Amino acid sequence: MLQHWYPRVTTPNEDQYIFGSYCQKKQTEHSIGPISSTLISYRYDSFTRQTVYRRLGHIGLYARRPVRCVPLITTHYRLRLTWSREHALWTPQQWSCVMFSDESRFSLQSNSRRTLIWRAPGTRYHQENTIERHRYGGAGLLVWGGIILGSRTDLHVQSVTMTGHIYRDVILEQHLRLFRAAVGAEFLFMDDNSRPHRTDIVDECLQSEDITRMDWPAYSPDLNPIEHVWDMLGRRIAARQPLPTCLPPELRRALLDEWYNIPQDQIDNLILSMPRRCKASIASSGRHNPY
């Protein structure tokens, strides 16, 4: 087949300008618009943004969504690193006694997250390619769940904010106590450091039920395997046909259905990844890691 050859529409100097804007200055969040506009302003030959895309691709830069991570400071780095070192050599038997828990919020409102950055392959979790933000609530349904090797709790769904009283009366009394009895004295309960989890009434309940809480470094969702379960759950909700359209009844039913449909072996594999998570945290000196 005869192939057509098209002349190169940018000069070497223009290529150097493109490369310099993204490499030498390391301005990863530049959009294509200003680059194209600057070139067109002094040259009448029109070319498309795809040309700029191709030039950046030649040096290994591609448009990708930035990773969104919780903000970390030096104290967080130190505590995360210490925790990871203490648990890096734990055996599967030790991890099998830990129940990982968390809350997450699900909504029918889409978030396109159209912000793009330009980065080279393999640099997704480099600090300059991440966006730090706190994970605060919004519209939708709040869910709580716990996972342990070989099992999981029922999914608790509510439309109100979590409080210390709800956490004690519903989460601890109705869900957690049963697993403590089944596992025995080696049972460890992991939850994060959010305010409702650290109230006096919650601490008193844990002591009365003889439930040992696992020490957990603040701002460490990347160390908690249940975060990936929330991602699985969200993808399952998005793939449902038809999509839930009525909040909260339809979304609530969909969340409960899909929670129980997640294969247990996938959850178990996430829990068994804890040694690798610890090693990744150590390798990054307590900073954000690929998990």
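Which residue's side chain does the side chain of Arg213 meet in a salt bridge? In this predicted model, the partner is Asp203, with a nitrogen-to-oxygen separation of 3.0 Å. The pair links distant parts of the chain, since Arg213 belongs to strand β10 (residues 212-213) and Asp203 to helix α7, ten residues apart. Asp203 is partly exposed, having a relative accessible area of 26%, and salt bridges with shared partners join Asp191, Arg198, Asp203 and Arg213 into one network.

| Side chains | N to O distance |
|---|---|
| Arg168 and Asp169 | 2.8 Å |
| Arg198 and Asp191 | 3.1 Å |
| Arg213 and Asp203 | 3.0 Å |

In the pair formed by Arg198 and Asp191, Arg198 is partly exposed at 29% relative accessible area, whereas Asp191 counts as buried at 0%. For the pair of Arg168 and Asp169, Arg168 counts as partly exposed at 24%, and Asp169 likewise counts as partly exposed at 36%.

His197, placed in the loop between β9 (188-190) and α7 (200-208), touches several residues of the network, including Asp191, Asp203 and Arg213.

Elsewhere, Glu258 lies in helix α9 (residues 249-261) and is buried, with a relative accessible area of 8%. Glu258 touches Leu233, Arg236, Ile237 and Arg240; of these, Leu233 is 25 residues away in sequence, with a C-alpha to C-alpha distance of 6.4 Å.

Notes: Residues numbered from 1 in each chain as written. Predicted model: local features only at pLDDT ≥ 70, side-chain atom pairs only at ≥ 80, totals over all residues. Heavy atoms only, no water. Helix = DSSP H or I, 4+ residues; strand = E, 2+ residues; numbered from the N terminus. Buried < 20%, exposed > 50% of the residue type's maximum accessible area, 1.4 Å probe, protein only. Contact = heavy atoms within 4.5 Å. Salt bridge = Lys/Arg side-chain N within 4 Å of Asp/Glu carboxyl O. Lists of a residue's contacts leave out its neighbours within four places in sequence.
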